[in-house]
Amino acid sequence: MMIYPKKVIVALDGNNLKKIKKLVEILKKEVFAFKIGYEFFFNFGIEGYLEIKKECPRIFLDLKLHDIPNTVEKGIMAISKLKPIFTTIHISGGDEMMRASLINKKNTKIIGVSILTSLDTYQTKKYYNEKNIETLVKKFVKNAKKYKLDGIVCSPKEIKYVRKETGKNFTIITPGIRLKQNKSYNDQKRVLTPAEAVNLGANLLVIGRPITQDNDPLKIIKDINKSIT
């Protein structure tokens, strides 16, 4: 199985760059990487990205590309110049789009997004014509592996059968992680605790607000690390 020295990726959301940089400085020794997504990137752009990268070079740039193959290829080429360790594409973009995304895997690993953790069976039936999320995710995972993506993003509920489908040498990154002591974030439907997700076979856990909005984020991340070692 892919081995990572730390397992937590902290999602950096918010619109206060000074506060975010301070958080990175506090947490960087306790995490594997930091995730930069839409909110951060659209607020602070490449300049903000580079400021975070100075503090911690391990960045997961989660922009979820989904477009025609030529556009995605050019997007990946641009992203590669920033040298994040991971970036994301939607598997649902199709075979040719996945092939196009592999233009420069030397600098950046390509991770496929399967079914967003905010979706439940009603939504997958409505938009994918498939009520069974397991069936749908398996289909996506098979194609991600077939077209040689480096890993997949899936909810904790799908880890077990995704691992069975992909084997050991495939990175599973799992959002939808919630802590038992704080269940106030309910915008994701398919969730588990850090220990549950790791025990099922997740390599890396993406955790945002349960850490970043706590009064003592360093204690929270240390407690998580203890629970998954």
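**Chatting through the predicted model**

Biologist: Let's start with Lys83. Where is its place in the chain?

Modeller: Lys83 is in the loop between α3 (69-80) and β4 (86-90). Keep in mind that this is a predicted model.

Biologist: And what is the phi of Lys83 like, positive or negative?

Modeller: Positive, about 55°, although Lys83 is not a glycine. Most residues other than glycine have a negative phi. Lys64 also has a positive phi, near 50°.

Biologist: Which element holds Lys64?

Modeller: Strand β3, residues 59-65. Lys64 counts as partly exposed, at 22% relative accessibility.

Biologist: OK, charges next. How many salt bridges are there?

Modeller: The count comes to seven. One of them joins Asp62 to Lys35, with the closest N and O atoms 3.3 Å apart. That pair links distant parts of the chain, since Asp62 is in strand β3 and Lys35 is in strand β2 (residues 33-36), 27 residues away.

Biologist: Are Asp62 and Lys35 buried or exposed?

Modeller: Asp62 counts as buried because its relative accessibility is 6%, under the 20% cut-off. Lys35 counts as buried too, at 12%.

Biologist: What about salt bridges inside a helix? Which residue does Glu96 pair with?

Modeller: Arg99, at 2.2 Å from N to O. Both lie in helix α4 (residues 95-100), three residues apart, or about one turn of the helix. Glu96 is partly exposed at 47%, and Arg99 is partly exposed at 41%.

Biologist: Nice. How many aromatic pairs turn up in the whole structure?

Modeller: Seven. Tyr38 and Phe42 make a stacked one, 5.5 Å centre to centre with 5° between the planes. They are both in helix α2 (residues 38-55), four residues apart, about one turn. Tyr38 is partly exposed at 42%, while Phe42 is exposed at 65%. Elsewhere, ring pairs link Tyr4, Phe32, Phe60 and Phe86 into a cluster.

Biologist: Now the inside. How many residues are in the largest nonpolar core?

Modeller: It has 59 residues, and those with the most contacts inside it include Leu12, Phe34 and Ile211. Helix α6 (residues 133-146) gives the largest share, six residues. Apart from that core lies another, of 13 residues, among them Tyr4, Ala11, Phe86 and Ile111.

Biologist: What does Leu12 touch, leaving out its close sequence neighbours?

Modeller: Its contacts include Ile20, Leu23, Val24, Phe34 and Ile52. Lys35 is on that list as well.

Biologist: Last one, Ser114. Where is it, and is it buried or exposed?

Modeller: Ser114 is in the loop between β5 (109-113) and α5 (121-128). It is buried, with a relative accessible area of 1%.

Biologist: Which residues does Ser114 touch?

Modeller: Not counting residues up to four places away in sequence, Ser114 touches Ile91, Val137, Phe140, Ile152, Val153 and Cys154. A polar atom of the Ser114 side chain lies 2.7 Å from the backbone oxygen of Val153.

How values were computed. Residues are numbered from 1 along each chain as its sequence is written. This is a predicted model: local features need pLDDT of at least 70, side-chain atom pairs count only at pLDDT 80 or more; totals for chains, interfaces and linings use all residues. Side-chain values use heavy atoms; hydrogens and water are left out. A nonpolar core is a set of buried Ala, Val, Leu, Ile, Met, Phe, Trp, Tyr and Cys residues joined through side-chain atoms within 4.5 Å. Buried means under 20% relative accessible area, exposed over 50%, partly exposed in between (1.4 Å probe, protein chains only). Helices (H or I, at least four residues) and strands (E, at least two) are DSSP runs, numbered from the N terminus. Contact means heavy atoms within 4.5 Å. A polar contact is a pair of N or O atoms within 3.5 Å; within protein, one must be able to donate a hydrogen and the other to accept it, and residues adjacent in sequence count only if both atoms are side-chain atoms. Rings of Phe, Tyr and Trp (its six-membered ring) pair if their centres lie within 6.5 Å; planes under 30 degrees apart count as stacked, over 60 as edge-to-face and the rest as tilted. A salt bridge is a side-chain nitrogen of Lys or Arg within 4 Å of a carboxyl oxygen of Asp or Glu.
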